[in-house]
Each structure stands twice: as structure tokens, then as C-alpha cells.
Amino acid sequence: QVQLVESGGGVVQAGGSLRLSCAASGLPFSSYAMGWFRQAPGKEREFAAAISGSGRSTSYADSVKGRFTISRDNAKNLVYLQMNSLKPEDTAVYYCAAALYYNRLNDYGNWGQGTQVTVSS
């Protein structure tokens, strides 16, 4: 049974930083791409960042490019999202998910429970 557990959310002032973590179990971790998505109140869930199973390829939404960095530690079955220069519009519940191919956004599934990020102005 695949399980993804996010952590690291919190309340931060605009311009601050947070690092999210996602612990994965129940899947051959290094064979799966991992993605971070987010859902703001009243909005649909949207893509933020993705990384291939090897970690060699990454992809970012335009809205976070240059501010967020996705990485993974395949030895520990962890994926991270380093978020810098946070803006109030980054406020959302952040979810991690898994897929076979990092750039096939519609294929992501096995969603975690999410972690709340709140950026105050």
C-alpha cells in the first residue's frame, strides 16, 4: 500500500522560507517521479514542481520557478520542496504525489494528506 506523508508546513512571513518533506513508503521509490501540487482555498489543485525518479530531471510551474527547488533522497525515500521568497499567493495546502513519468501531470496519484503553508503579508 502506497503511503505519502507530507510535513514541514507552517506560518511564515512574506519573503521567508520553508522546506517541505514527503516520506514515501510502499513503492519502489527510485522508480517513481514525485511531484508537489498545491490547492489554495476556493481554487483547483495546481502543479508546483516535479522530479524524475533519478533526480536528474525537474520541472516547475512558472509561478514558483526561481523560488522553489525540488529534490529527493532515494536512500531515505524522501522528497523535498525548498520554498524561498514566499509570497502570500503561495498560501495553500501542499500535497506530494507519485507518477511513473515526471512530466505527465495527469498521471500523478497516491496523494498524501497535505501540509498547510500560510504566508502572511
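Me: Which residues does the disulfide join, and at what S to S distance?
Reply: This is a predicted model, in which local features need pLDDT of at least 70, side-chain atom pairs count only at pLDDT 80 or more, and totals for chains, interfaces and linings use all residues. Residues are numbered from 1 along each chain as its sequence is written, and side-chain values use heavy atoms, with hydrogens and water left out. A disulfide is a pair of cysteine sulfur atoms within 2.5 Å, and a search of the whole structure finds 1. That disulfide joins Cys22 to Cys96, with S to S at 2.0 Å.

Me: How many residues apart are Cys22 and Cys96?
Reply: Strands (E, at least two residues) are DSSP runs, numbered from the N terminus. Cys22 is in strand E3 (residues 18–25) and Cys96 in strand E9 (residues 92–99). The pair links distant parts of the chain, 74 residues apart.

Me: Is Cys22 buried or exposed?
Reply: Buried means under 20% relative accessible area, exposed over 50%, and partly exposed in between, with a 1.4 Å probe and protein chains only. The relative accessibility of Cys22 is 0%, so Cys22 counts as buried.

Me: Which residue's side chain makes a polar contact of 2.8 Å with that of Arg38?
Reply: Arg38 lies in strand E4 (residues 33–39), and its relative accessible area is 6%, so Arg38 is buried. A polar contact is a pair of N or O atoms within 3.5 Å; within protein, one must be able to donate a hydrogen and the other to accept it, and residues adjacent in sequence count only if both atoms are side-chain atoms. At 3.4 Å, the side chain of Arg38 has a polar contact with that of Ser63. At 2.8 Å, the partner is Asp90.

Me: Where does Arg67 lie?
Reply: Leaving aside neighbours within four places in sequence, Arg67 is in contact (heavy atoms within 4.5 Å) with residues including Met83 and Asp90. Its relative accessibility is 11%, so Arg67 counts as buried. Arg67 lies in the loop between strand E6 (58–60) and strand E7 (68–73).

Notes: Helices (H or I, at least four residues) and strands (E, at least two) are DSSP runs, numbered from the N terminus.
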